[in-house]
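Please open the model in your viewer and keep a selection tool at hand. The stops below name what to pick next and what is found there.

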Amino acid sequence: FKLTTVEEFEAATARLLETGAKVGADAWQFRVKNQTPHCKFGEEGVCCRICTMGPCRITKKAPRGICGCDVHGIVGRNYLKFTAGGSATHSDHGREICHTLYESAADGCYKVKDPDKLIRIAKEWGIETEGKDIYDLAHEVAETGLMEYGKPFGTQRFLKRAPESQQELWEKNELAPRAIDREVSCSLHMSHMGCSSKPEALVKQAIRAGLSDGWGGSMMGTEFSDVLFGTPKPIETEANLGVMVEDNVNIVVHGHDPSLSEMICEFADDPEMIAYAKEQGAKGITVSGVCCTSNEVAMRRGIPMAGNFLQQENVVLTGACEAIVVDVQCIFPALGPLSKCFHTKFITTSPIAQMPDSEFIRFDAHTAGEKAKLIVRTAIENFKNRKPELVHIPQLKQKATVGYSTEAIVKALDGVTNSQVDELGTTKPLLECITSGVLRGAVAMVGCNNPRVRPDLAHIELMKKLVANDIIIIASGCSAQAAAKAGLMDKRAKDVCGAGLKRVCELADIPPVLHMGSCVDISRMLVLAATLAKDAGLHISQLPVVGCAPEWMSEKAVSIGNYVIGSGIDTFLGVDPYACGSSEMVEILTNGTKEWVEAAFTVEKDIEKLGDAMIAKIEEKRAALGI
Ligand code: SF4
Ligand code: FE2
């Protein structure tokens, strides 16, 4: 067993770009060159265009915009708008899942696969469950969830999952998120021309809007996806482009919402469809995934992961992709023109993400089965249009064990320690590993790829460094896929760990990097941290746990960053959130927020230093606890 290196990934990409050159395909690698150097005002966050007296940009000569706003106000407003975009996006995904749950029915396309979880949530929310039909309950819970978006009074229901100490901090500092849509609206209101220009107020609202995502929209997205499609359990899969099969019809699902991908997987598995694929000259059908949609179906069905964010063009460049089917978020508009260079069908399905040069097959809960069938059929019929001379699938892949929901982690860790039987099924065994020092702590590795950072390198190098130091990793999103492609989710990767983590991996039969799911599933990490803190009688901020997004790029990631620090977890970033133009904003984000939420950001572009800083932070927390 050997880990795959980033150099090997890059060699595979280079070979694919040769195919691209033959057909005149564009690629992000070229567009980055065209966009370099980037606009410095934009990079520093000092450009404002929120009213038409501007646009204004702050320089030494012009320290204020026409309205008189200074650089701190401009950077702060931009930061808040960025966060609101991310919070809205995650939360709207959560809302779609609520609607899907609402549409679930015994004889419908969508069923309740985890009724126990539904009942648990209903009880948590004070909804009567006794003697109710499970679908009546699903409707009631879904409707209650939908009200979380617009209720006029009160704060988010799931906040009660946090330790008391955390809830008190939120209350005291006016950070407890109210209705989700209200936090997004309020953010846009505050950052409108002529409203807030005080950095503290803007950052506080950014945290509150972030928290409405993490403990609101995203958490509902995760929980109700589990109710509908099953709570993930450990399952074997594979990762990297080598999962595509040359002789088969290749359907690639990309985006975020499992409502689409689940249905595609369902029908691609249908004997009738497989027979049709054979009729059309293929040996079978392979569904693989890109980005978070991939994480969703990998976690629940073991569907292989073709790649992460910056590999989305690569799947088309293989020349063996019959259809790339997308829903929302993180989809390159480049896929339209690119797919035209090949036989690939670029199928968009959501009114939220409509793109030129795509075939739009509108997907909704009522017609899900029919539309999924149509999409699979379209892909099958496209197999014959392949240009054999353009087909090249890099033979690169690794095995991975995925599916570590919080529930699955708790169960796996039961095997590790000498805990009493009555402590099994809790986080106590994991806490014992941490207290005894067998594990030094945990890092949540999350986020995207970004051409500003050599893709995947920061994720993989940081993980290797951390596991060697007996720090267990929980991962989600494109970070998780980077780990899987490298082989860090193969149980044999225990051999690159320190002695303590290696022992835990052997006893619990887990890989050192645990795949917790998609980006909305960072809410699983919040629940895990909250449960650990409650079981240990500590504040979340006292746990030797940190978050890290070394290659992040989207607005959603900023929203995540805000709710992670907002939940008491120090967060380490490898890319600056367009805030470096304001000394006051930098001070608040890297230090000032500690006063409100006991955590802050560290931004460090040097990977080695970023890793050292995380280890130092974990050791500092251990020392403070005397462990
Ligand atoms: Fe310029 Fe102020 Fe208008 Fe921004 S809000 S564009 S700083 S005048
Ligand atoms: Fe994602």
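Select Val-297, which lies in helix H12 (residues 291-301), helices being DSSP runs of H or I with at least four residues, numbered from the N terminus. This is a predicted model in which local features need pLDDT of at least 70 and side-chain atom pairs count only at pLDDT 80 or more, while totals for chains, interfaces and linings use all residues. Residues are numbered from 1 along each chain as its sequence is written, chains are lettered from A and ligands numbered from 1 in the order in which they are written, and side-chain values use heavy atoms, with hydrogens and water left out.

Val-297 counts as buried because its relative accessibility is 0% (buried means under 20% relative accessible area, with a 1.4 Å probe and protein chains only). Leaving aside neighbours within four places in sequence, show its contacts (heavy atoms within 4.5 Å), among them Val-253, Cys-265 and Ile-303.

Next, select helix H4 (residues 71-103) and helix H9 (residues 199-229), which pack at an angle of about 15° with their axes 8 Å apart (axes are lines fitted to C-alpha atoms, for helices over the stretch in contact, and angles run from 0 to 180 degrees between N-to-C directions). H4 and H9 are therefore roughly parallel, a term for angles under 35 degrees.

Finally, select H18 (residues 457-468) and H25 (residues 607-625), packed at about 40° with axes 10 Å apart.

Terms used. Helix = DSSP H or I, 4+ residues; strand = E, 2+ residues; numbered from the N terminus. Parallel < 35°, antiparallel > 145°, perpendicular 65-115°, else oblique. Buried < 20%, exposed > 50% of the residue type's maximum accessible area, 1.4 Å probe, protein only.
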